[in-house]
Amino acid sequence: MPDLVAVAKAALLEITPEATIGAHSGQVEEAGATSVTFLANMAGYPGWHWTVSIATLDDAEPSVLEVELMPGNGALLAPDWVPWSERLAEYEAAQEAIAADENDDELEGSELETDDESDDDDDDDDLGSDVLHGGDLDGVDIDEPIELDDESDDDDDDDDVDDDPDEESDVDDDDSDDEDDDLDDDAEDERSY
């Protein structure tokens, strides 16, 4: 039977550089399979190890089943995943606690104020905040489309048209023919590509 450590190391070399494979750290034999482990020499993976599972049947050559990078005891791991709804609930609870603390501080400070000072604060509250209507700035609702008056556009177009046929036009007829020729030349150039 071939050396299982050599078979495992050859399988690892197919997926990772040799520099990331540390020393042989153990071997676990089970019914029909053997797991061979090596330390992982990779930055950011302290305490991790490579595991190669090999099929070991009496009548066949050893065959690699899988190769994986597994965390060991004390390995650096990502924190457990927390659903968004739970994270949001924690955030909202923290915001409510901060608001409650601020309200308590304002109540303690308001006992020291005179009536005139509290009237000034009320005037400031009447002005409102910079953010209006659920996030729209300056009272402009960006979600509402702007309606344009079609008649005002038509009136503007009529102003540009010269109603007096007796007045001479600023455009020479010869110049307009030259422009048409230039457009035809440009169209031919585009077709040649």
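**Close-up views of the predicted model**

The protein chain of this predicted model has a mean pLDDT of 75, with 55% of its residues at 70 or more.

**View 1. Confidence by element.** Among the elements of the protein chain, strand β3 has the highest mean pLDDT, 96. The lowest, 50, belongs to strand β5, residues 131-132. Where pLDDT is low, the predicted coordinates should not be read in detail.

**View 2. Strands β1 and β2 with their hairpin.** Strand β1 covers residues 21-30 and strand β2 residues 33-40; the two run antiparallel and are joined by seven bridges. Glu29 has Thr34 of β2 as its bridge partner. Two residues lie between the strands of this hairpin, and Gly32 takes a positive phi near 85 degrees there.

**View 3. Strands β2 and β3.** β2 also pairs with strand β3, residues 48-55, in an antiparallel arrangement with seven bridges. Within this pairing, Val52 in β3 is the residue opposite Val36.

**View 4. The aromatic pair Tyr45 and Trp48.** A pair of aromatic rings is described by the distance of the centres and the angle of the planes. The count for this model is one aromatic pair. Its members are Tyr45 and Trp48, whose ring centres are 5.3 Å apart. Their planes stand at 90 degrees, and an angle over 60 counts as edge-to-face, so the pair is edge-to-face.

View 5. Tyr45, with a relative accessible area of 31%, is partly exposed.

Definitions and conventions: Residues are numbered from 1 along each chain as its sequence is written. This is a predicted model: local features need pLDDT of at least 70, side-chain atom pairs count only at pLDDT 80 or more; totals for chains, interfaces and linings use all residues. Side-chain values use heavy atoms; hydrogens and water are left out. Rings of Phe, Tyr and Trp (its six-membered ring) pair if their centres lie within 6.5 Å; planes under 30 degrees apart count as stacked, over 60 as edge-to-face and the rest as tilted. Buried means under 20% relative accessible area, exposed over 50%, partly exposed in between (1.4 Å probe, protein chains only). Two strands pair if DSSP finds at least two bridges between them. Helices (H or I, at least four residues) and strands (E, at least two) are DSSP runs, numbered from the N terminus. pLDDT is the predictor's confidence in each residue, from 0 to 100.
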